[in-house]
Amino acid sequence: MAQQQVQPSRAEEYKLKDTSPQLGERWPHARGGGWMGLVYGGDKLTSTYDLVEQMHYLYVRVVKAKNLPTNAVSGSCDPYVEVKLGNYHGTTKHFDKRVNPEWNQVFAFSKERIQSTILEVYVKDREMVARDDYVGRVAFDLNEVPTRLPPDSPLAPQWYRLEDHRGESKVRGEVMLAVWIGTQADEAFPDAWHSDAASVQGEGVFNIRSKVYVSPKLWYLRVIVIEAQDVQPNDKSRLPEVFVKAQVGNQVLKTKVCPTKTMNPMWNEDLVFVAAEPFEEHLVLTTEDRLSQTKDELLGRIVLPLTLFEKRLDHRPVHSRWFNMERFGFGVLEGELRKELKFSSRIHLRVCLEGAYHVMDESTMYISDNRPTARQLWKQPVGVLEVGILSAQGLAPMKKTDGRGTTDAYCVAKYGQKWVRTRTIIDSFSPKWNEQYTWEVYDPCTVITLGVFDNGHVGGNEK
């Protein structure tokens, strides 16, 4: 953790220390200006990804095309681009009847799986019945592809004239591309199509990408159940033994049964729930009659939206309010009988949303955030936590694909209100993520929680 203001005597304790293996200590430098000339050497350079091992990728950004020829038969062009490197190839979406399409898609080929020294970019015309028409191509020698190291600016795309199959002559149409060699620190990495996940198609691509989440803002919903009036039992020959049940989402709390049998019970009990913005759930209150130890009878019900209650950030008192209860079964009554039932019992409540306390949404021994809900009460951070998520080993098979056990693993790290999810590594028991994340730290006496999961959205065609 990087400390901003420390005592000089403890300065050594807060310095960044080298780890083993030596992560990020050498950036590759191009010798001869290409992928094949990459060697390790030179001085140590500062990097935002210096806690993880560098993983190299060939990036291809397909921006757009112009002046594409139309099909002689259909009189139109439904273009898409295929990017091919050895046995790996990815395709962009296609456009109907457009000679100047714009894709802006990025493809990433892992250096560990490269099987060719030539990158080929094909522009094709999609045919619904026959084989897709070939429009033109552009080829790149990997030895001539430039290397980009952040914080360098992104490589500017260029227009390339399309060539025929053999690359001997130019054909009509141009395509705008940017091709470079980079690492997982590249801005294009999170949203790129990856060759090592080429088997994942369609919506599954979004389920395997790395993501950063912000957990919802949590509040305490404090419900003080004071009293009720005119609680009518279904059996008129007895006085009810009343209690109140309150529910918010899956959280259910009950008051005690009023110690005296009466139609005007009193409780003065405090029920506390956890509510998350934007407060889509409701507070559901029911008055119930305890007939026996095993049987309760519903007498009245009311549903209140959480937006109805005020937010309290200090110790100002909250005003209590009376609410009319709906008689249970009232909604099924029809006609004149409904008009006759004008009477309803009432319940007296004091309800507020409290944001001046920390909402304990995790075990105290694993607490990672003890700030109040209200942002105006937050203190300044004491430093920054940097975490490099490297790899896992010896994972167990979690599902079966084609008769063999597989695992599609990703890692989740949670600290405070920020959650991160690494990309999913397809079909590996020893995945390597090498992704780096940072968190602001407000209290050093907190912990970060990490977990490894199998991605259930991909793979596993057998139960």
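Which residues lie nearest the centre of the second largest cavity? The legends below treat this question first and then turn to other close-up views of the structure, which is a predicted model.

**Figure 1. The second largest cavity and its lining.** D230, Q232, L299, R327 and S345 lie nearest the centre of this cavity, whose lining comprises 11 residues. Strands β19 and β22 are the elements that each give two or more residues to that lining. By class, the lining of the second largest cavity divides into 4 nonpolar, 4 polar and 3 charged residues. The space within the second largest cavity amounts to about 60 Å³.

**Figure 2. The largest cavity and its lining.** The count of cavities of 30 Å³ or more comes to 2, and the largest has a volume of about 170 Å³. A total of 16 residues line the largest cavity, and A192, H194, A197, I208 and R423 are those nearest its centre. At least two lining residues come from β12 (193–194), and at least two from α1 (204–208). The lining of the largest cavity consists of 9 nonpolar, 3 polar and 4 charged residues.

**Figure 3. An open antiparallel sheet.** The sheet contains 5 strands in the order β16-β15-β18-β19-β22, with antiparallel pairing, and it is open. Strands β16 (251–254) and β22 (326–327) are at the edges; each has a single partner strand, so one side of each lacks a neighbour in the sheet. Strand β22 also contributes to the lining of the second largest cavity shown in Figure 1.

**Figure 4. The pairing of β18 with β19.** Strand β18 spans residues 282–290 and strand β19 spans residues 296–305; the two pair in the antiparallel sense over 9 bridges. In general, the strands of a sheet pair through backbone hydrogen bonds, either parallel or antiparallel.

**Figure 5. The salt bridge between R238 and D289.** The side chains of R238 and D289 meet in a salt bridge with an N to O distance of 2.5 Å. R238 belongs to the loop between β14 and β15 (242–248), whereas D289 belongs to strand β18, so the pair ties together parts that are 51 residues apart in sequence. Are the two partners buried or partly exposed? D289 has a relative accessible area of 0% and is buried because this value falls under the 20% cut-off. R238, at 23% relative accessibility, counts as partly exposed.

Figure 6. The side chains of D270 and R222 form a salt bridge at 2.8 Å, N to O. This pair links distant parts of the chain, with D270 in strand β17 (residues 266–276) and R222 in strand β14 (residues 218–229), 48 residues apart. D270 is partly exposed at a relative accessible area of 42%, and R222 is likewise partly exposed at 22%. Salt bridges link R222, D270, R312 and E354 in a network. For the structure as a whole, the count of salt bridges comes to 19.

**Figure 7. The salt bridge between R404 and D427.** An N to O distance of 2.7 Å describes the salt bridge in which the side chains of R404 and D427 meet. The pair links distant parts of the chain: R404 is in strand β26 (residues 404–406) and D427 is in the loop between β28 (418–421) and β29 (432–441), 23 residues apart. R404 is partly exposed, with a relative accessible area of 42%. D427 is also partly exposed, with a value of 34%.

**Figure 8. Aromatic pairs.** The count of aromatic pairs comes to 11. In one of them, F109 and W193 adopt an edge-to-face arrangement, with 5.9 Å centre to centre and 65 degrees between the planes. F109 lies in strand β7 (residues 102–110) and W193 in strand β12, so the pair ties together parts that are 84 residues apart in sequence. F109 counts as buried at 1% relative accessibility, and W193 is buried with a relative accessible area of 15%. Strand β12 also supplies at least two residues of the lining of the largest cavity. Elsewhere in the model, ring pairs link Y57, Y59, W180 and F189 into a cluster.

Conventions:
Residues numbered from 1 in each chain as written. Predicted model: local features only at pLDDT ≥ 70, side-chain atom pairs only at ≥ 80, totals over all residues. Heavy atoms only, no water. Pairing = 2+ DSSP bridges. Helix = DSSP H or I, 4+ residues; strand = E, 2+ residues; numbered from the N terminus. 1 Å grid on protein atoms, 1.4 Å probe; cavity = no way out; pocket = protein on both sides within 12 Å on 5 of 7 lines; lining within 4 Å. Points joined across faces, edges and corners; volume = space filled by probe spheres on them. Nonpolar A, V, L, I, M, F, W, Y, C, P; charged D, E, K, R; others polar. Salt bridge = Lys/Arg side-chain N within 4 Å of Asp/Glu carboxyl O. Buried < 20%, exposed > 50% of the residue type's maximum accessible area, 1.4 Å probe, protein only. Phe/Tyr/Trp six-rings, centres within 6.5 Å; stacked < 30°, edge-to-face > 60°.
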